[in-house]
Each structure stands twice: as C-alpha cells, then as structure tokens.
Amino acid sequence: MASAQKTKDTNKHSKFSDSLKNKLEVGIAAGLSLNHFTKGQPQTGSNTGYTAGISVNYKLVKEISLQLEVNSLQQGGSMIRFKDDTRFGLPESFETKNVKNSSYKLNSIEIPLLLNYTFKLKQLWKPSVYVGGSYAYTYNVNERYQKTGDLLPGEDIIATVNASQNAGNLFNASRFNLIVGANLKLPLTSRFLLLIDMRYLNGLSSARDKYSYMEKVGFGTNIRANSFLTKLGIIMPLSTLK
C-alpha cells in the first residue's frame, strides 16, 4: 500500500516537473487591486478595485519567457476638492462653496507585456520574477463622492450629499505603466497549475492633468495612478519542449 502511494506521488511529481518544461502556457487569473494616486498634492488617497484577465506565456530559453496578457483592471484613488466660487463674485450657496471627497474607479482594458525569469530552487517550487510594461485604455471613470457645505449660508446649517457620477472627462483615456512582480506556480492536477501572483504598477503617464484641489485654472499637478495587485489563477500548459 505504501509502495503504491509512493509510486502515485512520484508520478504526480513527474507530471508537474514535465509541465514546468512546457514551451507554451495559457492561463486565467483574478484578484484585488490596492490603488492610490501619486502625492503631487496632499489631497489624494487610496481605494480598492479588482483585476481579471487571460495570459499567454512563451518560453524563449530555459529560464526566460515572454508573457502577454489582456486584463480588465480597476485603478484609481481618492481626491479632496475645496470649492469656493464666491471669490468670483458669486453668492454663497451649497453649490458655490463646499468640500467634496471623491473616490474614483478608473475602469480600463490593460495589455501588459512581461519578461519572466524562473528560478530553479526545488523540483515542485519554481518561482518567477518579472518586469515589463502595460498600456491601459480607460473606457469609464466612476466617481462616488460626499459633498459637504452650508445649506443655508448665515444660518450655520451644514448639509452632506452622497452620490455618484461618470467623471471620464476629468481623466486621460490612454496611460502607460511600469510593472514589476513575482509569481509562484504549484501543482493543482496533472494538467493544471495554481498561480499565485503579486505585482506593482507604477504609472508612467498622467492619469489626470493639472489637478488642483482649489480648482485654480492653469495651476495644478499631473496625477499618476499606481496599484499593487494580488491574483490567483489557473495555468494550463499546451506543449512540451523536446
């Protein structure tokens, strides 16, 4: 009985070892994104989102492979705006003078291209590190906000409104990111591998131009979007090196 179990484990290890030699792999993965805007101005913060997508990995040489992905990705963060249009001579009201705390979700299609290096540490434990870049096209921006101000100026009656709206006009549709990360593939079945992946996306191009928390025309900071992603997935090897 013990001999049969040992043979079964050996066969499983052998199949997994063979799978790690595969020339081509495809996979699916999904997970969470922890997002924040760059601190060009102090009135920016973080929020959370999701990521999900497919990948194709092609082995160039023994330890090095090239990976192409297509992902649905939520990036973003939070911003605070202090509005005071009374400086332009408008009468004070809830709409002309308020504080607005907004959380933005940038819904994008992201296409990363990554160069992977796989370490040979153990027979069934071969982690990889990678570096690359991605192009992100933002097709929708959702803003959830809380706006606070004097409902009746002079009466000291404070009101708060919670709502959401599309804010795509405030952000750039196209962006580029630098990516660094690491992953680990573990045996799941004789044909599939479990993927554990972590990466950091650093915004190379501006997500929002000339952001000013005081809404001063011609004054502000270009804001970039950064994210830390954690993903779980399933990898299927397709062909084996001869």
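The second largest cavity has a volume of about 50 Å³, where a cavity is a set of points, on a 1 Å grid over the protein atoms alone, at which a 1.4 Å probe fits but cannot get out, and a volume is the space filled by probe spheres set on the points, which are joined across faces, edges and corners. This is a predicted model, in which local features need pLDDT of at least 70 and side-chain atom pairs count only at pLDDT 80 or more, while totals for chains, interfaces and linings use all residues. Residues are numbered from 1 along each chain as its sequence is written, and side-chain values use heavy atoms, with hydrogens and water left out.

Lining residues are those with an atom within 4 Å of a point, and for the second largest cavity they are E25, S55, N57, Q67, N183, K185, L195 and I235. By class, this lining has two nonpolar, four polar and two charged residues, with Ala, Val, Leu, Ile, Met, Phe, Trp, Tyr, Cys and Pro taken as nonpolar, Asp, Glu, Lys and Arg as charged, and the others, Gly among them, as polar. At least two of the lining residues come from β2 and at least two from β7 (174-187), strands being DSSP runs of E with at least two residues, numbered from the N terminus.

The largest cavity has a volume of about 60 Å³. Its lining has 13 residues, and A29, S55, E69, L195 and K231 are the closest to its centre. Two or more lining residues are given by each of β1 (22-37), β2 (44-59), β3 (64-84) and β8 (193-203), and the lining divides into four nonpolar, five polar and four charged residues.

Turning to the rings, a search of the whole structure finds four aromatic pairs, meaning rings of Phe, Tyr and Trp (its six-membered ring) whose centres lie within 6.5 Å, with planes under 30 degrees apart counted as stacked, over 60 as edge-to-face and the rest as tilted. Y135 and F176 form a tilted pair, with 5.4 Å centre to centre and 55° between the planes. This pair links distant parts of the chain, since Y135 lies in strand β5 (residues 128-152) and F176 in strand β7, 41 residues apart. F37, Y104 and F171 form one aromatic cluster.

Note on methods
On a 1 Å grid over the protein atoms alone, a cavity is a set of points where a 1.4 Å probe fits but cannot get out, and a pocket is an open set with protein on both sides within 12 Å along at least five of seven lines; lining residues have an atom within 4 Å of a point. Helices (H or I, at least four residues) and strands (E, at least two) are DSSP runs, numbered from the N terminus.
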